Amino acid sequence: MKYKKFVKIILYQLVLLGQFCFVYAKSAGTTSAEFLKLSYGTRPSSLGETFVAIANDSSAIFWNPAGLSLVTWKELLASYNSWIQDINVGSLSYAMPFGKTGSIGLGIMYLNSGSITKREETKDDAGSYEVRNMGISFGYGAEFFQNISLGVAIKYLSEKIDSESGTGFAADLGGLYMTQINDMPLNFGISLLNLGGSMGPGDKSDLPKKLKAGFSLKLFEEKVTANTEVDYPFASDMTAGLGFEYMLSEIFVLRFGYKLFRDNLTGIEPLTFGFGIVYSQKQDFIFDYAFSNVGDLGYSNKASAGVRF
């Protein structure tokens with residue numbers, strides 16, 4: 001009965017938050033810093049972009065800063081994505097715990113378009129230009145109450161298109177509630193991302209604010225983790241996802257996911273998959289891979305490497 005009451009309360013809150021975001025989105029226009037809409041971190045990408053409730057490594061800085069409280073080791077992760085049309089996307093994340101006082105995190109994300117050909121009105125070649133975006137986040141997460149963790153991150157944003165550029169600041173807020181059902185760990189996670197004003201380049205636009213909320217449940221003696229997540233962007237349609245992580249052994253993990261409510265994906269295209277390898281010596285060396293479909297634009301192959309010490 002206690003669990004059912006808890007679930008009802010959470011679902012009611014999600015409905016209210018969803019209605020708020022829907023009303024807000026009605027008045028919202030285009031947004032700046034479009035690179036903030038991308039998925040950062042290899043592990044979350046392989047799980048159908050569901051990570052807000054399971055965020056327990058250094059990439060939590062990009063999804064839910066409250067998840068930094070779950071990091072019990074120093075961890076450095078570098079991720080690279082050879083994305084569509086020669087666009088390169090990557091991230092670097094670092095987390096360092098301080099015992100019961102919580103953990104701090106640092107995250108860097110970037111996008112580089114490569115050389116893009118300029119065209120005159122007559123369609124003649126007029127040289128080339130590049131699009132370069134970068135964000136630097138500094139966050140903190142801790143268990144402030146029993147089974148409840150909270151986190152915050154502040155980030156500096158830079159966007160450059162050809163000769164025009166713009167900068168700005170934003171904040172991320174997150175929370176985690178950790179409980180159990182029949183001795184199975186259950187997490188509820190929520191985060192509010194990209195809170196801030198407007199930025200350029202050129203005419204200034206609002207940042208792409210969004211709300212994330214989801215559940216994570218560990219099954220079968222904690223060998224399987226099932227995730228679900230709903231995303232409410234303030235200026236576009238709602239999306240969702242499902243993700244499953246299966247620990248085959250202490251060194252190898254399989255991951256699968258399915259992205260929901262994506263108009264550009266049909267058939268089996270919403271499926272994602274990947275794996276993780278941990279090689280332990282004096283430190284843990286980590287390698288992750290993720291594959292996903294970007295619809296008519298092709299495929300995305302993402303890989304990351306890191307170390308825990």
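**Salt bridges, strands and a surface patch**

Modeller: Arg255 and Glu245 form a salt bridge, and their closest N and O atoms are 2.6 Å apart. The two residues sit in distant parts of the chain, 10 residues apart: Arg255 is in strand β15 (residues 252-260) and Glu245 is in strand β14 (residues 239-247). A salt bridge here is a side-chain nitrogen of Lys or Arg within 4 Å of a carboxyl oxygen of Asp or Glu.

Colleague: What should I know about the model before we go on?

Modeller: This is a predicted model, where local features need pLDDT of at least 70, side-chain atom pairs count only at pLDDT 80 or more, and totals for chains, interfaces and linings use all residues. Residues are numbered from 1 along each chain as its sequence is written, and side-chain values use heavy atoms, with hydrogens and water left out.

Colleague: Are Arg255 and Glu245 buried or exposed?

Modeller: Both Arg255 and Glu245 are buried. Buried means under 20% relative accessible area, exposed means over 50%, and partly exposed lies in between, using a 1.4 Å probe and protein chains only.

Colleague: Which Asp meets Arg255 in a salt bridge?

Modeller: Asp288 does, at 2.9 Å from N to O. That pair also links distant parts of the chain, with Arg255 in strand β15 and Asp288 in strand β17, 33 residues apart. Asp288 is buried, like Arg255.

Colleague: Which residues are linked in the network of salt bridges?

Modeller: Arg43, Asp57, Glu245, Arg255 and Asp288 are linked. Side chains of opposite charge can pair when their charged atoms come close.

Colleague: How many salt bridges does the count come to?

Modeller: The count is 12. One of them joins Lys37 to Glu34, with the closest N and O atoms 3.0 Å apart. Lys37 has a relative accessible area of 43%, so Lys37 is partly exposed. Glu34 is at 39%, so Glu34 is partly exposed too.

Colleague: New topic. How many helices and strands are in the chain?

Modeller: The chain has 3 helices and 18 strands. These are DSSP runs numbered from the N terminus: helices are H or I with at least four residues, strands are E with at least two.

Colleague: You brought up β17. How many of the residues in β17 are buried?

Modeller: In strand β17 (residues 284-293), 7 of the 10 residues are buried, so the strand is mostly covered. β17 runs antiparallel to β16 (residues 271-280), joined by 8 bridges. Two strands pair if DSSP finds at least two bridges between them. Ile277 stands opposite Phe287 in β17, and a hairpin of 3 residues joins β16 to β17.

Colleague: And how many bridges join β17 to β18?

Modeller: There are 10 bridges, and β17 and β18 (residues 299-308) run antiparallel. Ser292 has Ser300 in β18 as bridge partner. The hairpin between β17 and β18 has 5 residues, and Gly295 in the turn has a positive phi of about 70°.

Colleague: What joins the side chains of Ser149 and Ser69?

Modeller: A polar contact of 2.9 Å. That term means a pair of N or O atoms within 3.5 Å; within protein, one must be able to donate a hydrogen and the other to accept it, and residues adjacent in sequence count only if both atoms are side-chain atoms. Ser149 lies in strand β7 and is buried because its relative accessibility is 1%. Beyond neighbours within four places in sequence, Ser149 is in contact (heavy atoms within 4.5 Å) with residues including Ala66, Ala142 and Met178.

Colleague: Where is Asn227 found?

Modeller: Asn227 is in strand β13 (residues 224-233). At 5% relative accessibility, Asn227 counts as buried. The side chains of Asn227 and Ser216 make a polar contact of 3.0 Å.

Colleague: Is Ile136 buried or partly exposed?

Modeller: Ile136 is partly exposed, because its relative accessibility is 31%. Ile136 belongs to strand β6.
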